[in-house]
Amino acid sequence: MSPQLHTLFFFSGKANSSIADHFIGLLSDKQPHHHQMYYSTIEKVVGWELSWPILLFVFVASLFVVTSRPDPFSDIPGPFLARWTPLWLAYQARRGRRYQVVDELHKRYGRFVRIAPNHISVADKDALPIVYGQGHRAFDKSPFYHAFIGDKASVFSTTDRQDHAQKRKLVSQAFSYGSLLNLTPLISAIVSSFVEKLDKISESAEYIDALVWFNYLAFDLLSDLAFGEPIGMVEKGSDAVVVEKADGETVMEHAISLVDEREHLAAVVGHHPTFRFLSKFLPDPFFVRGHRASHGLEDLARRRVMKRIRSNAHRDDILGRLIHARIGDGGSLTADQTNELIAESVTLLIAGSDTTSNSLTAILHLLLTHPDDFKRLYTVLEEAVEPGELPRYNQVKDIPLLDATIDEGLRLHATTAIGLHRSVPDGGILCCGRFFPASTEMSVPAWTIQHDESIWNDPENFRPQRWLDNPDLRRYLMTFGKGPRACLLMDVILSSLAYMEMRLVLSTIILRYDMELQTPHMETTEGFMHKPKCLMTRFRRRNASP
Ligand code: HEM
């Protein structure tokens with residue numbers, strides 16, 4: 001019974017998410033008493049033999065309602081299927097090419113494109129301060145983000161404004177403990193152990209996947225920072241980790257695949273609550289792996305959170321701060337608070353590791369395929385760092401060409417390439433000359449804006465110099481999101497965490513190794529973030545290095 005009902009609401013798309021949500025609430029595992037009540041009520045009232053005719057009737061009636069209602073977006077062009085069902089957008093996300101398809105649609109149709117029955121993509125820089133603006137008319141995150149919620153919403157996934165303000169305050173406070181100087185030795189230590197490994201690997205002159213090693217590095221850093229305990233991926237040269245399931249059983253998982261699979265699943269099933277529900281029953285390995293990964297990541301965070309709670313240790317790290325913010329100096333965490341901590345830890349692991357390693361890989365690829373820019377940067381770095389030393393953070397923290405190279409890489413590759421989903425607030429909004437009613441889902445496609453000729457001169461080319469000529473361009477860099485839900489980077493010291501890591505790692509490897517790509521072409525794919533698939537690179541020690 002339940003899947004049919006959900007399919008019905010799913011296909012009738014635009015209007016019924018709240019109804020479907022209601023049914024999902026009733027049918028979800030977390031409410032077994034409701035579940036039973038629901039079934040027995042239907043059974044009592046109509047009997048099962050009548051359920052199909054009733055469903056058919058509801059289906060036809062709802063089709064009638066949907067097609068006869070005035071359609072506020074009938075004049076906005078877009079793919080035919082996208083007018084009727086969010087399945088079209090979910091399918092593009094599943095293919096890992098959503099940003100490209102949406103970009104092509106904008107090239108064909110112009111500024112407004114309807115990419116789902118209730119979702120309008122607006123490719124116009126003037127839409128940025130509206131869709132991602134601050135203040136009382138700020139848009140909230142749309143229900144798309146519910147797909148990122150596990151047991152509890154986190155600062156990233158919550159769609160409730162007040163809840164977000166509270167969570168963001170807690171997380172920002174927790175991160176503010178570390179001044180730049182506090183974090184620097186930690187990052188330097190992890191980069192040193194990364195270099196030790198690379199030195200050994202470089203002796204064999206084999207090609208290795210730089211993406212995988214950047215992943216190990218970023219994961220170790222985040223884990224140390226967030227849990228006070230490095231996962232030790234660089235050391236082991238592997239992403240295999242022990243996770244603790246909710247029932248206390250421990251199993252081995254591959255953390256990087258967990259992040260990729262979970263993120264991609266959410267980017268696909270977030271388009272409709274019905275899809276989230278149905279996907280749990282689909283035998284397609286994509287969905288099976290994705291749901292497994294969601295649990296796996298929570299289990300990974302749970303093991304670390306529980307270990308800390310059981311140890312009663314008071315450490316001044318992010319987790320320590322998050323715990324302190326909830327219970328102060330005494331008391332113990334409730335089950336609800338523990339789940340909240342697990343949710344925040346998962347968010348930090350995903351938000352801070354995958355993003356940075358994907359960006360680093362893309363920037364390295366651009367540098368290695370642009371030898372003149374590489375040489376220019378090499379010369380500048382050589383002047384800033386003592387010969388024969390590993391760069392220290394204070395030597396590379398303020399090199400305009402290094403930062404310009406990073407920003408240009410973030411723009412051209414577009415680590416965030418899709419338009420981030422937002423909901424129009426009550427009262428509706430006027431955007432780029434057109435009115436959109438409340439609850440319309442809107443997004444501004446990041447890839448399209450970052451490749452827009454009216455903003456960027458010669459947008460398809462890698463030109464770090466543009467950032468030195470015009471620092472104002474940062475207004476149009478969407479890699480870290482915009483507005484009240486922009487990356488945590490924007491308002492705390494963490495601001496520099498990703499930049500710190502990218503500056504140190506890039507300057508270190510550029511000065512220390514001769515690098516060569518196996519092939520100049522880098523394939524990418526897209527989950528929620530836009531990511532390289534791999535970057536086979538040969539590292540050889542330069543003679544001058546220690
Ligand atoms: C190059 C690296 C990074 C990129 C490209 C990046 C990108 C983003 C983007 C685009 C968003 C907004 C997402 C949305 O609106 O759906 C975001 C949010 C967030 N990021 Fe980052 N991020 C990076 C590094 C980090 C790091 C190192 C951390 C911390 C460990 C972090 C923590 C967060 C958090 C907590 C949020 C949610 C903020 C909120 O909703 O209030 N990010 N990030």
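**Contacts and the ligand shell**

Mentor: This is a predicted model. Leaving out residues up to four places away in sequence, Ala218 touches Ser353, Thr356, Ser357 and Glu501.

Trainee: Which helix holds Ala218?
Mentor: Look at the residue range 210-227. Ala218 is found there, in helix 11.

Trainee: Does Ala218 count as buried or exposed?
Mentor: Ala218 has 28 C-beta neighbours inside 10 Å. A residue needs 20 or more to be buried. Therefore Ala218 counts as buried.

Trainee: Where is Cys487 found?
Mentor: UniProt lists Cys487 for "binding site", in an unreviewed entry. Helix 22 covers 465-469 and helix 23 covers 497-512. Cys487 is found in the loop between helix 22 and helix 23.

Trainee: Why does Cys487 count as partly exposed?
Mentor: Buried takes 20 or more neighbours, and exposed takes 12 or fewer. Partly exposed lies in between. Cys487 counts as partly exposed because its C-beta neighbours inside 10 Å number 18.

Trainee: Which residues is Cys487 in contact with, beyond four places in sequence?
Mentor: Set aside the neighbours within four places in sequence. Cys487 is then in contact with Phe480 and Gly481.

Trainee: How many residues surround the ligand?
Mentor: The closest are Ala351, Gly352, Thr355, Gly481 and Cys487. By class, the shell has 15 nonpolar, 9 polar and 2 charged residues. The number surrounding the ligand is 26.

Trainee: Which element gives the largest share of that shell?
Mentor: Helix 17 covers 335-368. The largest share is 7 residues, and they come from helix 17.

Definitions and conventions:
Residues are numbered from 1 along each chain as its sequence is written. This is a predicted model: local features need pLDDT of at least 70, side-chain atom pairs count only at pLDDT 80 or more; totals for chains, interfaces and linings use all residues. UniProt positions are given in the numbering used here, feature names are shortened, and annotations may be inferred rather than shown by experiment. Helices (H or I, at least four residues) and strands (E, at least two) are DSSP runs, numbered from the N terminus. Two residues are in contact if their C-beta atoms, placed from the backbone, lie within 7 Å. A residue is near a molecule or strand if its C-beta atom, placed from the backbone, lies within 6 Å of it. Ala, Val, Leu, Ile, Met, Phe, Trp, Tyr, Cys and Pro count as nonpolar, Asp, Glu, Lys and Arg as charged, and the others, Gly among them, as polar.
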